[in-house]
Amino acid sequence: MSNKSLRYLCFFIGVLINSFGVALITKAALGTSPISSVPYVLSLRFAPTLGGFTFVMNLLFIAAQIALLRRNFQPVQLLQIVVNIVFSWFIDVSMNLLGWFNPQGLPVQLAALALGCAVLGFGISIEVAPDVLRVPGEGLVGALSTVTGVRFGSVKVAFDVTLVAIALALSFVFFRGLNGLGLGTVVSALIVGRFVNLFNSRLPLIARIASLAKTPSAAQMPEQQMPSGQQAG
């Protein structure tokens, strides 16, 4: 398998793990993650699934990137549509796989929430390490950061807060109270990034995946650095 193919494979594995992490956090029944808050509240009120609403929201994120970046939007980032299909579909698959899992009692719910945050953090670490694509949410944050000149991290915080505020407003409109949001939303917003930092610093696997992005392919290697017998004729 070529270097580039392996990087894309690692990226999509990370996306699948992310989907499972989102489902696990949601099944803890303490409130879903900020990025999934709007689709989740909508799925509690209307027929489409969490994955279905996630797909629609991410399409809007991709369209917003194109509108913001215009000529600076890299065509390869259109592959975010494929990422969106995989991510949204596997959220629903994961929710079905976890259909039996209904933690009862706050201690068990908190344990499930922590496990979900750890899984999501692990998935993000694997997804980011090969440096090939961005998921639609992060792509929009990056586009906003580019256009406004504000640091990525600061835009990310504002972005998550905005999504939660929209989900909160929808919850009160549809249910006249909190539904789909709660302690888990706050906790996941605070600790998923910490898990990402932990995995990035402690797991050799993440470093090995990241090294793939720094290793030139044979086509990129100078002729004098290519192994004997592989020089271009």
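A: Buried means under 20% relative accessible area, exposed over 50%, and partly exposed in between (1.4 Å probe, protein chains only). This is a predicted model, in which local features need pLDDT of at least 70, side-chain atom pairs count only at pLDDT 80 or more, and totals for chains, interfaces and linings use all residues. Residues are numbered from 1 along each chain as its sequence is written, and side-chain values use heavy atoms, with hydrogens and water left out.

Q: Is Cys117 buried or exposed?
A: Cys117 is buried, at a relative accessible area of 0%. Cys10 is buried as well, at 12%.

Q: How many disulfides are there?
A: There are zero disulfides in the structure, a disulfide being a pair of cysteine sulfur atoms within 2.5 Å.

Q: Turning to Ser43, where is it?
A: Ser43 lies in helix H2, residues 34–45; helices are DSSP runs of H or I with at least four residues, numbered from the N terminus. With a relative accessible area of 17%, Ser43 is buried.

Q: What does the Ser43 side chain reach?
A: The backbone oxygen of Tyr40, at 2.7 Å.

Q: And which residues does Ser43 touch, not counting those up to four places away in sequence?
A: Ser43 touches Pro48, Thr49, Leu50 and Phe53, where contact means heavy atoms within 4.5 Å.

Q: Where is Ile66 found?
A: Ile66 is in helix H3. It counts as partly exposed because its relative accessibility is 36%.

Technical notes:
Helix = DSSP H or I, 4+ residues; strand = E, 2+ residues; numbered from the N terminus. Polar contact = N/O pair within 3.5 Å; in protein donor to acceptor, adjacent residues only side chain to side chain.
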